[in-house]
Amino acid sequence: MLKTRIITAVVLLVVVLAVLFSGSLPAVQALVALAFGAAVWEAFRLFTLRAAAVVAVCWTAAFAYTFFFHDGLAQARFWFLLASAIWLMRFFPSLKLGLPAPQGFGNTLLSMVYAVTLVACFVAMLVLFGRSPVYLLSAMAIVWVADIGAYFAGKAFGKRKLAPSISPGKSWEGAIGGWIAVLVLASATILAAPAVPLLQDTFAVHLQARLGWALALLALTVLVIASVVGDLYESQLKRRAGFKDSSNLLPGHGGVLDRIDALVPVLPLVALMGGWQ
């Protein structure tokens, strides 16, 4: 299993980096569209919808319109605002209040609202890539660093469960450790940027230049919280559906949603915080 995980991770990394730095926008669009299609398919499996194919086609059409037509991209800010409002008012409270039963209109409505957030996430990927591949990767790195920091801090210090009924392995100490890791790495990036040209096009550097230190660190804190909520929400969906992973599309890693769950609420927020200018 470990060998499979490593091989899959290496292949994915090589493919993603090769496409992002290829200089070909159609190649990037094709890769992102493929990932979006897989994520939508997995999402509707988690919602156990019989009409998943029909709904998935509808949302894929909405995604394609926003992505591949210039006038559609002008609507991106609407998607970002709507998705952020959905996470704040509907999905975050559900971590405490629970999800509707898998059968019935409430679940169908929830699935369609979740699809809105997926559209916003993948639109944000292209919008952030429009700034530069480094800018997009630096925004995604916030989630990766928070996850890695949470893992090691949780292993070393974790005692108080963060959401025992949803994800028993996560702890408050782990979440705090991930938050500290993000702030430390972002601060180091900002301080080192004047001497390292590659770092000058990262999200943290642009954020600090635009907002100042205090607001930049506050914004990063909001993003870390959003990443935790995104991770827990997908775990809640999987637990309700009785799935360990969202799918088996990525050998050793589960599905696409398992890899991007924390990015879904984060990337639209990044765009709103200054990633799209």
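A residue counts as exposed when its relative accessible area is over 50%, and as buried when that value is under 20%. These cut-offs apply in the views below. The model shown is predicted.

**View 1. F157, an exposed residue of helix α7.** Helix α7 spans residues 133-157, and F157 is part of this helix. The relative accessibility of F157 is 58%, so F157 counts as exposed. Across from F157 is G174. The two are 17 residues apart in sequence. In space, their C-alpha atoms are 7.4 Å apart. F157 is also one of the residues touched by E173.

View 2. Helix α8 covers residues 172-192 and contains E173. E173 has a relative accessible area of 17%, so E173 is buried. For G174 the relative accessibility is 3%, and G174 therefore counts as buried. Their contacts are listed here without residues up to four places away in sequence. E173 touches A153, F157, G158, K159 and R160. G174 touches G149, A150, A153 and G154.

**View 3. The crossing of helices α5 and α10.** Helix α5 runs over residues 76-97, and helix α10 over residues 213-241. Their axes come within 9 Å of each other. The crossing angle is roughly 60 degrees. That angle makes α5 oblique to α10. The crossing is left-handed. On the α5 side, the residues in contact are W87, F91, F92, S94 and L95. On the α10 side, they are V229, G230, L232, Y233 and Q236. Of the residues in this contact, 7 are nonpolar and 3 are polar. None is charged.

**View 4. T117, a buried residue of helix α6.** T117 lies in helix α6. Its relative accessibility is 0%, so T117 counts as buried. What surrounds T117? Neighbours within four places in sequence are left aside, and the contacts of T117 are then A83, I86, W87, F91 and V264. Two of these names return from the previous view: W87 and F91 belong to the α5 side of the contact with α10. T117 and F80 are 37 residues apart in sequence. Their C-alpha atoms are 8.2 Å apart in space.

View 5. The relative accessible area of A124 is 0%, so A124 is buried. Which residues does A124 touch? With residues up to four places away in sequence not counted, they are F80, L267 and P268. A124 and L269 are 145 residues apart in sequence. From C-alpha to C-alpha, the two are 8.8 Å apart.

**View 6. H253, a buried residue in a loop.** H253 sits in the loop between α10 and α11, and α11 covers residues 256-260. Buried or exposed? At 13% relative accessibility, H253 counts as buried. Residues up to four places away in sequence are again not counted. H253 then touches R5, T8, A9, D258 and R259.

**View 7. The whole chain, for orientation.** The protein has 12 helices and 2 strands. In sequence order, the pattern is α-α-α-α-α-α-α-β-β-α-α-α-α-α. The chain holds 277 residues, and 48% of them count as buried. Consider the contacts between residues at least 6 apart in sequence. Of these, 73% join residues at least 24 apart. The protein exposes about 13,600 Å². Carbon and sulfur atoms supply 72% of that area.

Notes
Residues are numbered from 1 along each chain as its sequence is written. This is a predicted model: local features need pLDDT of at least 70, side-chain atom pairs count only at pLDDT 80 or more; totals for chains, interfaces and linings use all residues. Side-chain values use heavy atoms; hydrogens and water are left out. Buried means under 20% relative accessible area, exposed over 50%, partly exposed in between (1.4 Å probe, protein chains only). Contact means heavy atoms within 4.5 Å. Accessible areas come from the Shrake-Rupley method with a 1.4 Å probe; for residues, only the protein chains shown count as cover. Axes are lines fitted to C-alpha atoms, for helices over the stretch in contact, and angles run from 0 to 180 degrees between N-to-C directions. Angles under 35 degrees count as roughly parallel, over 145 as roughly antiparallel, 65 to 115 as roughly perpendicular and the rest as oblique. A crossing is left-handed if the near helix is turned anticlockwise from the far one by less than a right angle, and right-handed if clockwise. Ala, Val, Leu, Ile, Met, Phe, Trp, Tyr, Cys and Pro count as nonpolar, Asp, Glu, Lys and Arg as charged, and the others, Gly among them, as polar.
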